[in-house]
Amino acid sequence: MIVMLAYTFSGCGSSHGGQEDFNIEIEDNQYIYRFGEGTIEIDDENNTIIYTDGQGKEIHLLRNVFPLDLTVHNIFVNGEDCYYLLENDNDSGICVRKINMKDFSDVLIFSSIEENIEDFYGLKTEERGAEEIFQDMEETKWFFVSDRYIYLKKKYDIRQINRNSGLQKIVAEQVSDGKVIYNNGKIIYMDANGRQAVYEE
């Protein structure tokens, strides 16, 4: 299913009190975004991202010489930047990269992809049991990037990743599916009982 995501920005990319000053609405299945008069969307068949302008011309945004080892699962557009999230079926880690739509530069923002294939690809420790590992290996339902953090939803949890330190933590549990609003450091979501809840940075 393709979902056209609605999003609004207020002063995108500007800094306000140490965090971006913008409001967004996020929904599950981030496959396609409006961008100007065109769209940016994931091409599942070729595991790439395509920008289609207002005249129907297609530009492949991922210019990989070799096929990607990881699958493009989600995209998130903020101003002139298209962030994309990659993951695979054998690892609880994620990789987030950013394409600048002005010059099409592609830079790494964050990666926690494991390369060790022993002990659940290096995931199993005395502190982490199999249940936690398998929950981590769930597909990411949505993600977005703010000035300081990457936020994502896996299964029923919202997770926060510090972009500078890489520190990860769960900031909300038992989150229902559906729209989530980020408003200048506040995440507004519905809990499993259908009540509105708020996490504030």
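## Second largest pocket

In this predicted model, the residues lining the second largest pocket comprise six nonpolar, one polar and four charged residues. The space in this pocket amounts to about 160 Å³.

The lining consists of Leu62, Arg63, Asn64, Leu68, Asp69, Leu70, Tyr84, Leu86, Cys95, Arg97 and Asp106. Two or more of these lining residues come from each of strand S9 (81-87) and strand S10 (95-100).

## Four-stranded sheet

Strands S12, S13, S14 and S15 form an open sheet in the order S12-S13-S14-S15, and their pairing is antiparallel.

Strand S12 and strand S13 (residues 149-154) run antiparallel and are joined by five bridges. Within this part of the sheet, phenylalanine 143 is placed opposite leucine 152 of S13. In general, the strands of a sheet pair through backbone hydrogen bonds, in either a parallel or an antiparallel manner.

## Chain as a whole

The chain contains two helices and 18 strands. It has 201 residues, of which 42% count as buried.

Contacts between residues at least 6 apart in sequence were also examined by sequence separation: 42% of them join residues at least 24 apart.

Definitions and conventions: Residues numbered from 1 in each chain as written. Predicted model: local features only at pLDDT ≥ 70, side-chain atom pairs only at ≥ 80, totals over all residues. Heavy atoms only, no water. 1 Å grid on protein atoms, 1.4 Å probe; cavity = no way out; pocket = protein on both sides within 12 Å on 5 of 7 lines; lining within 4 Å. Points joined across faces, edges and corners; volume = space filled by probe spheres on them. Nonpolar A, V, L, I, M, F, W, Y, C, P; charged D, E, K, R; others polar. Pairing = 2+ DSSP bridges. Buried < 20%, exposed > 50% of the residue type's maximum accessible area, 1.4 Å probe, protein only. Contact = heavy atoms within 4.5 Å.
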